[in-house]
Amino acid sequence: MLQYTIRRLIGMIPIIFLISVVVFTLAKLMPGDALSGKIDPLNSDPEYIEEMREKMGLNDPIPVQYVRWMSGVVQGDFGDSFIHKRPVMELIGDRLPNTIILGLSALVITYLLAFLMGRYSGRFAYSIGDYLISAFNYLALAIPSFVAALVAIYVFAINLGWVPASGSIGSGVEAGTLEYYLSKAKHTVLPAIVLGAMATAAYTQFLRNDMIESSRKDYVRTARAKGTKESAIYNKHILRNSIIPIVTLLGFDIANLFGGAIITETIFTYPGIGYLFVESVHARDYSVMMAITMMLTILTLIGNLVADLLYGLVDPRIRLS
Amino acid sequence: MEPSISQQTSPGLAEPVKPPKSQSPWALARRKFLRNKAAMISLVFLLLVCAMSILAEPLTMPVEETAKINLTQMSKEPSAEHYFGTDKSGRDVFARTLHGGKTSLLLAFSITSAVIALGTLVGATAGYFGGWVDNALMRFTDFMMNFPFLLFVIVLKSIFIESSTGTLIFVISVLSWTGTARLVRSKVMAEKENEYIMSAVSIGCSAPKTIFKHLLPNVMSTIIVQATITLAAMIVAETALSFLGFGVPMNIPTWGNMLQEARSPDVLTSKWWIWIPPAAVLTFTILSINFIGEGLKDAFNPKSNR
């Protein structure tokens with residue numbers, strides 16, 4: 001296991017290298033460069049700009065520039081933001097906690113709901129409750145997340161007024177107080193549900209089908225023959241086997257959540273990484289854009305690795321080699 | 001097997017009884033699909049949406065008209081004159097929904113065709129030839145899979161600033177063929193072990209001919225199901241991108257562009273008729289495509305007997 005993990009991590013290095021080449025190439029193709037972030041708007045004298053370009057090494061051959069950029073990236077330096085006039089990493093550091101809170105809440109809600117609904121549907125298959133849950137699932141799988149977000153805001157934030165429609169924290173709330181955490185939770189719950197809706201539906205359906213399939217297996221018949229209570233059969237024997245495949249999907253969730261956050265955060269104007277990304281694209285703030293792109297791509301890689309590892313961990317029949 | 005048995009049990013007959021013609025897998029699948037209520041209702045709904053979108057101009061007004069800003073007709077509620085009311089610029093929502101459907105569906109169909117063609121080509125080539133070809137193509141596919149879809153579409157779109165819908169089709173297609181390629185490869189690898197492929201090769205069929213004439217028709221059912229799933233995903237991709245402002249240019253009506261109006265709190269709160277129609281049509285279109293996809297999957301599966 002450890003050996004496999006280490007080998008996979010080493011195998012990721014050339015891929016990360018290739019990805020960095022792609023990201024750098026894209027950055028070079030974009031109009032504007034690192035200088036745009038440092039330039040003094042009051043001094044646009046061409047001679048001065050040329051001098052600055054020379055000083056910053058933007059006239060060097062591309063490979064030289066790549067090596068310089070890459071050595072910065074390895075040290076966690078993605079340059080400065082053009083709009084915010086701050087180091088990119090500082091900017092991302094400000095927003096990252098929000099996205100992580102949102103992502104974790106979405107994960108918890110997804111797994112909790114999928115577990116409860118899937119367990120019910122699997123046990124009482126083809127009952128009215130099961131059909132209702134199935135109908136919800138079909139709808140959740142079909143509705144695009146931005147439409148779901150609009151509907152959720154319209155119903156829960158505007159008409160019912162249960163939660164705020166945007167932002168991540170109420171105004172004038174002091175950090176550290178109970179009020180602060182409550183406000184944070186209130187702002188997060190709606191985007192988190194929307195962000196996790198599709199996965200919730202998929203996992204519910206998955207758990208339900210797996211439980212129905214398991215209930216026809218021999219070990220269940222044996223349990224029944226021994227006189228085990230029906231609730232114990234479902235809660236102990238079947239559920240334990242059926243929950244395994246869902247856990248393995250956690251790795252893919254990580255990457256999907258950050259991708260989905262782009263849409264959800266933008267609609268809820270929730271100040272996280274996704275919203276920052278959209279903002280910086282609109283403002284043509286390339287250094288921020290490229291940093292987020294690079295980060296999320298590497299995160300996808302790690303997510304895939306986690307998925308593979310979990311797969312081997314929960315199912316001993318799969319040998320990782 | 002049946003024909004020989006029937007001939008043996010009726011030796012007295014002057015003319016051998018013709019064995020009942022067994023149905024082809026396609027006919028079987030069609031019968032199963034036609035009996036699937038959810039899929040059939042969905043198919044009718046989807047065809048209706050497509051037909052109304054195609055006939056958008058005769059049904060309502062030319063597309064140029066829908067772009068005209070009419071200050072006297074701003075934000076009117078639904079009425080006999082404007083079935084779905086008008087938006088904040090006084091444009092008829094019903095006409096825009098139909099025209100938007102035309103753009104959104106056309107885009108989704110184009111992207112799906114490109115994605116399926118590319119994915120099938122890569123997957124079939126890798127699966128059929130195996131060896132280093134397979135290795136190289138699949139490594140490349142795995143590499144492409146690492147790029148988060150939405151992120152890279154947006155990045156690529158911001159490079160091609162003077163972008164048209166053509167760029168959008170290209171950019172999305174380039175980033176989404178990988179799943180199809182993997183699927184087709186695995187199917188082709190299983191299918192090519194059959195003897196009919198070996199006999200095709202041994203009578204001298206060239207590789208392209210073997211692939212297109214013998215292999216692909218037998219993995220077609222998988223490809224069709226994959227195409228339906230892709231179609232639904234591409235409608236979502238296009239509308240989501242347009243909604244965020246990275247898709248189709250704003251002046252062309254699409255469902256995503258129309259929904260963008262709902263980003264203003266005023267429209268979202270008190271002018272429901274501007275955003276509910278495209279949202280509802282969009283959701284139900286995807287729902288129906290999902291049902292059709294499920295129906296097709298079921299129909300092509302010889303083990304299911306619903």
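Predicted model: local features only at pLDDT ≥ 70, side-chain atom pairs only at ≥ 80, totals over all residues.
Helix axes are taken here as lines fitted to C-alpha atoms over the stretch in contact, and the angles between them run from 0 to 180 degrees between N-to-C directions.

Helix α5 of chain A, residues 88-123, packs against α11(A) at an angle of about 120°, and the two axes lie 10 Å apart. Angles of 65 to 115 degrees count as roughly perpendicular and those over 145 as roughly antiparallel; α5(A) and α11(A) are therefore oblique to each other. Their crossing is right-handed. On the α5(A) side the contact is formed by Thr99(A), Leu102(A), Gly103(A), Ala106(A) and Leu107(A), which face Asp253(A), Leu257(A), Phe258(A) and Ala261(A) of α11(A). By residue class, this contact holds six nonpolar, two polar and one charged residue.

Helix α11(A) also meets α13(A), and here the axes come within 6 Å and cross at roughly 160°. The pair is therefore roughly antiparallel, and α11(A) passes α13(A) in a left-handed crossing. From α11(A), the residues involved are Leu250(A), Gly251(A), Phe252(A), Ile254(A), Ala255(A) and Phe258(A). Their partners in α13(A) are Leu296(A), Leu299(A), Thr300(A), Gly303(A), Asn304(A), Val306(A), Ala307(A) and Leu310(A). This contact comprises 10 nonpolar and four polar residues, with no charged ones. Phe258(A) is worth a look in the structure: this residue takes part in the contact with α5(A) and also in the one with α13(A).

Attention now turns to the meeting of the two chains. Chain A contributes 31 residues to the contact and chain B contributes 27. On the chain A side, the elements giving two or more residues are α1 (2-29), α6 (128-142), α7 (145-159), α11 (250-267), α12 (273-282) and α13 (286-314).

For chain B, an unreviewed UniProt entry lists residues 38-56, 105-131, 143-161, 167-184, 223-252 and 272-293 under "transmembrane region". Two of these spans can be set beside the model. Residues 167-184 of chain B are 94% helix and 0% strand, with end C-alpha atoms 26 Å apart. Residues 223-252 of chain B are 73% helix and 0% strand, and there the end C-alpha atoms are 32 Å apart.

Notes:
Residues numbered from 1 in each chain as written. Chains lettered and ligands numbered in written order. Contact = placed C-beta atoms within 7 Å. Helix = DSSP H or I, 4+ residues; strand = E, 2+ residues; numbered from the N terminus. UniProt positions renumbered as here; feature names shortened; annotations may be inferred. Parallel < 35°, antiparallel > 145°, perpendicular 65-115°, else oblique. Left-handed = near helix turned anticlockwise from the far one by under 90°. Nonpolar A, V, L, I, M, F, W, Y, C, P; charged D, E, K, R; others polar.
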